[in-house]
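Please examine the sequence and the structure displayed below.

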Amino acid sequence: HAALRNAGQSGIGAMALSAVDSALHDLRARLLGIPLFLALGAVRDHVPVYGSGGFTAYDDERLAEQLSGWVAEGIPRVKMKLGRDPAADPERLRVAREAIGEGVPLMVDANGAFHPDRALEHAERYAEFGVDWFEEPVSSDDVAGLRRVRDGAPAGMAITAGEYAWSRFDAARLLDAGAVDVLQADVTRCGGPTELARIDALARTHNRPFSAHCAPALTAHAGCAMDSLVHLEYFHDHVRLEGMLLDGRPELAAGALWPDPSRPGNGLGLRRADAERYRVSP
């Protein structure tokens, strides 16, 4: 991390560091002959998940099919994207709510699409459909704007951000500003399991719950060692790619991912024959 100071410790530098850190933790656990979640100091043996996708490019039929499919699999909460065409979002939310039923938590992610004033206007409309999670209503860089939206959001609607935290210092800025109800971070961006453990400590210190962002096959192990974790994003595209290329993924059961305690390290193995077609040679 210190060596990246001049080259840039955020962005691609942080992602490279995260990959090395994750690999070293995996190697240590494999050498010890134990699963990674135990090597990291597990406080649980599984992590609850929510189904995530609902992309704005989907038509209503595909949106309903995906969200209802997760519920049918036993995943108790789902998230969809919005903000690309705000005028269309109320109808998309109606379709989503009808597909999943009244008792299932509905989460939305705007990926920083709005100005704080517009975000607050939309939040009121989303609340009519029982939305209880509004992720990145404004850019994560706009910490003051996030705090403004959090202060004015409808009762019961959590304002969340943090997937672009490159280290514990970015996470601390969100927490110190009171900008989020739920903190997020991504183990492939924030510095790997080492830094994620520090972010967990920050969340606990600020009495804020934590939700892990994406890369479910890897993050499930790190999440098992986090006291503050409430759930993990079971992201459609990542799940699809993991299924194409990896053996040993954690089992999905009862709305949670369960790392295999019989497999050392992160338990993952590359299916080289399947991956060969994607090889890029210099």
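A residue is called buried when its relative accessible area is under 20%, exposed when that area is over 50%, and partly exposed in between, as computed with a 1.4 Å probe and the protein chains only. Helices (H or I, at least four residues) and strands (E, at least two) are DSSP runs, numbered from the N terminus. The model is a predicted one, in which local features need pLDDT of at least 70 and side-chain atom pairs count only at pLDDT 80 or more, while totals for chains, interfaces and linings use all residues. Residues are numbered from 1 along each chain as its sequence is written, and side-chain values use heavy atoms, with hydrogens and water left out.

Consider the whole protein to begin with. Eleven helices and twelve strands are found in the protein. Its radius of gyration is 19 Å, close to the 19 Å that the globule rule gives for 282 residues, so the protein is as compact as a globular protein of that length. The radius is taken over C-alpha atoms, and the rule is 2.2 Å times the number of residues to the power 0.38. Along the principal axes, the C-alpha atoms fill a box of roughly 55 × 40 × 40 Å.

Of the 282 residues in the protein, 49% are buried. The accessible surface comes to about 12900 Å², and carbon and sulfur atoms account for 52% of that surface; these areas come from the Shrake-Rupley method with a 1.4 Å probe, and for residues only the protein chains shown count as cover. A contact means heavy atoms within 4.5 Å. Among contacts between residues at least 6 apart in sequence, 69% join residues at least 24 apart.

Lys and Arg count as positive and Asp and Glu as negative, whereas His and the chain ends are not counted. Each charge is placed at NZ of Lys, CZ of Arg, CG of Asp or CD of Glu. On this basis the protein has 30 positive and 40 negative side chains, and the centres of the two sets lie 5 Å apart.

Attention now turns to strand β1 and its partners. Strand β1 spans residues 47-53, and six of its seven residues are buried, so β1 is largely enclosed by the rest of the structure. Two strands are said to pair if DSSP finds at least two bridges between them. Strand β8 (residues 229-235) runs parallel to β1, with four bridges joining the two; here S52 stands opposite F235. Strand β2 (residues 78-81) is also parallel to β1 and is joined to it by three bridges. In this pairing G51 has V78 as its bridge partner, and G53 stands opposite M80. Strand β11 (residues 256-258), by contrast, pairs with β1 in the antiparallel sense over two bridges, and P48 faces A256 there.

Which way do the residues of β2 point? V78 and M80 point one way from β2, K79 and K81 point the other way, and all are buried. Helix α9 (residues 216-224) has nine of its nine residues buried, so α9 is largely enclosed by the rest of the structure. Among the buried residues of α9 are P216, H221 and C224.

S68 lies in helix α3 (residues 60-72) and is partly exposed, with a relative accessible area of 27%. S68 touches A99 and I100, not counting residues up to four places away in sequence. The C-alpha atoms of S68 and E98 are 9.2 Å apart, although the two residues are 30 apart in sequence.

Three loop residues complete the account. H115 occupies the loop between β3 (106-109) and α5 (116-127) and counts as partly exposed at 47% relative accessibility. With residues up to four places away in sequence not counted, H115 touches V138 and R148. A distance of 9.7 Å separates the C-alpha atoms of H115 and L146, which are 31 residues apart along the chain. N207 is in the loop between α8 (192-205) and β7 (210-212), where it is exposed with a relative accessible area of 67%. Phi of N207 is near 55°, a positive value in a residue other than glycine. A254, in the loop between β10 (251-253) and β11, likewise has a positive phi near 55° and is a residue other than glycine. A254 counts as exposed, at 72% relative accessibility.
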